[in-house]
Amino acid sequence: MQRLDYLRETPSQTAGPYVHIGLAPGAAGFDIYDEELGRDIAGPNALGECIRVEGLVIDGTGSPIKDVMLEAWQANAAGHYAHPESKGTVEDGFRGWGRVITDFETGEWGFDTIKPGPVPGRNGTVQAPHINLWIVARGINIGLNTRAYFDDEADANAKDPVLNLIEWEIRRPTLIARRSDRDGKPVYRFDIRIQGDNETVFFDI
Amino acid sequence: MTGPAEYFQRDRNRHPAAYTPGYKTSVARSPRLPLISLEQTRSEITGPVFGHGDLGELDHDLIRNYAKDGDPIGERIIVHGRVLDENARPVPNTLIEIWQANAGGRYRHKKDTYLAPVDPNFGGCGRTLSDENGNYFFRTVKPGAYPWRNYVNSWRPAHIHLSVFGSAFSQRLITQLYFEGDPLIPLCPIIQTLPDQDAVGQLTAKLDMNATIPLDSIAYRFDIVLRGRRSTMFENRLEGN
């Protein structure tokens with residue numbers, strides 16, 4: 001019999017408790033790089049609405065997880081990703097990617113960015129504005145993928161092909177960030193529940 | 001069918017399950033409901049792009065990138081290999097970041113309280129880009145084993161944490177590199193989350209005498225495989241697969 005000669009993907013292992021050393025050394029307590037990557041998601045020239053997204057990552061006991069790292073990947077306000085396969089251009093300095101760690105004492109995380117625009121979906125559909133998130137921590141054996149949508153995009157969310165793919169409608173709100181204003185700036189709350197009541201929807205992408 | 005070429009479905013049987021009770025921390029940190037499988041869109045087949053402008057000159061050299069008044073203590077090693085995809089094609093210009101304990105098994109982290117000392121000349125993190133053929137290398141010192149609280153007497157084998165990007169957010173991967181011949185490997189609850197010995201072997205770097213620098217540094221080889229990608233479907237014909 002012939003053999004298929006595909007290689008197999010390198011297996012995942014947990015990021016462990018000291019992920020900060022490699023990916024956010026300033027938080028681990030020392031300076032080493034001239035510039036840590038992922039601090040500035042949108043850059044200085046991005047058009048669109050400046051927003052903040054923040055929340056907790058909560059474990060199965062209801063406790064905040066205090067050693068999480070999250071990565072965000074998003075389009076700009078026009079719906080373009082900073083990637084050669086995304087049609088359209090992005091503003092100079094817009095990378096659309098960032099990383100943030102949770103506070104060691106409170107478990108709160110937050111990042112500043114611009115609100116992304118709608119992004120083309122499959123087969124001519126349109127995806128509602130969303131930020132793709134990837135979550136790693138001690139005890140998480142393989143990174144968890146989810147998406148943060150925005151509660152002030154109700155019409156777009158109602159038509160979003162990914163939200164509509166979630167058979168249990170009761171679970172869809174776990175992917176909707178809730179807007180409020182703080183000192184005139186929009187802040188979206190997006191708590192992520194790893195396990196238990198209102199468990200956040202995670203995707204196999 | 002038109003649209004962007006997709007990445008192969010991730011073989012979840014190649015990876016640890018989320019819930020692995022032998023690794024106790026995973027118990028409360030693992031989803032109980034199934035992942036929702038997504039057909040990829042532009043959101044999944046794109047990902048951040050990095051360049052040499054993002055990196056400093058010594059970022060890949062952990063022997064020098066935090067040295068204050070001399071070299072760090074420890075066994076000098078080179079870790080090198082290729083980043084490939086499941087089609088065995090090189091993955092060029094991709095960001096690889098590493099972090100590790102020092103030769104005594106102590107991390108430079110304000111939350112690490114292990115009694116082994118911090119090395120004043122060792123930071124423990126590095127980063128590099130694979131070259132146009134997918135090759136990469138780091139120079140560092142071999143990390144030490146250290147105890148941790150899983151069972152009362154649990155020890156991590158020597159390991160280096162690796163973070164790799166690929167070119168799509170769906171290829172994003174964090175893993176750990178172990179060293180050939182380490183007797184702690186079969187005892188480790190985190191390694192025991194892996195589904196089989198083949199997976200353990202893929203995470204075990206091999207001594208590479210041919211890449212060793214005589215009278216200077218021992219070399220280990222560690223290839224990294226990221227998810228592969230379909231060829232573009234064009235007029236219902238598979239191209240190149």
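**The contact between chain B and chain A**

Modeller: Between chain B and chain A the count is 12 salt bridges, where a salt bridge is a side-chain nitrogen of Lys or Arg within 4 Å of a carboxyl oxygen of Asp or Glu. The model is a predicted one, in which local features need pLDDT of at least 70 and side-chain atom pairs count only at pLDDT 80 or more, while totals for chains, interfaces and linings use all residues. Residues are numbered from 1 along each chain as its sequence is written, chains are lettered from A and ligands numbered from 1 in the order in which they are written, and side-chain values rest on heavy atoms, with hydrogens and water left out.

Over all chains, the structure holds 35 salt bridges. In one that joins the two chains, the side chains of Asp54(B) and Arg95(A) meet with N and O 2.6 Å apart. Asp54(B) sits in the loop between helix 1 and strand 2 (76-85) of chain B, and its partner Arg95(A) in the loop between strand 3 (68-74) and strand 4 (97-101) of chain A; helices (H or I, at least four residues) and strands (E, at least two) are DSSP runs numbered from the N terminus. Side chains of opposite charge can pair when their charged atoms come close. Another salt bridge links Glu6(B) to Arg122(A), with 2.5 Å between the closest N and O atoms.

Turning to the contact as a whole, 88 residues of chain B and 76 residues of chain A take part, contact meaning heavy atoms within 4.5 Å. The area buried between chain B and chain A is about 7,600 Å², with carbon and sulfur atoms giving 57% of that area; buried area is the accessible area (1.4 Å probe) that two parts lose on being put together, summed over both. The interface also has 50 residue pairs in polar contact, both residues being at pLDDT 80 or more (a pair of N or O atoms within 3.5 Å; within protein, one must be able to donate a hydrogen and the other to accept it, and residues adjacent in sequence count only if both atoms are side-chain atoms). On the side of chain B that touches chain A, the largest share, five residues, comes from strand 9 (residues 173-179) of chain B. That side of chain B divides by class into 38 nonpolar, 25 polar and 25 charged residues, with Ala, Val, Leu, Ile, Met, Phe, Trp, Tyr, Cys and Pro counted as nonpolar, Asp, Glu, Lys and Arg as charged, and the others, Gly among them, as polar.

The largest cavity holds about 70 Å³, a volume being the space filled by probe spheres set on the points, which are joined across faces, edges and corners. Its lining draws on both chains, with Asn132(A), Arg147(A), Phe203(A), Leu38(B), Glu44(B) and Phe169(B) among the residues. Two or more residues each come from strand 8 (131-137) and strand 9 (144-150) of chain A and from helix 1 (42-45) of chain B, and strand 9 of chain A gives the most, with three residues. By class, the lining of the largest cavity has five nonpolar, four polar and two charged residues.

Technical notes
On a 1 Å grid over the protein atoms alone, a cavity is a set of points where a 1.4 Å probe fits but cannot get out, and a pocket is an open set with protein on both sides within 12 Å along at least five of seven lines; lining residues have an atom within 4 Å of a point.
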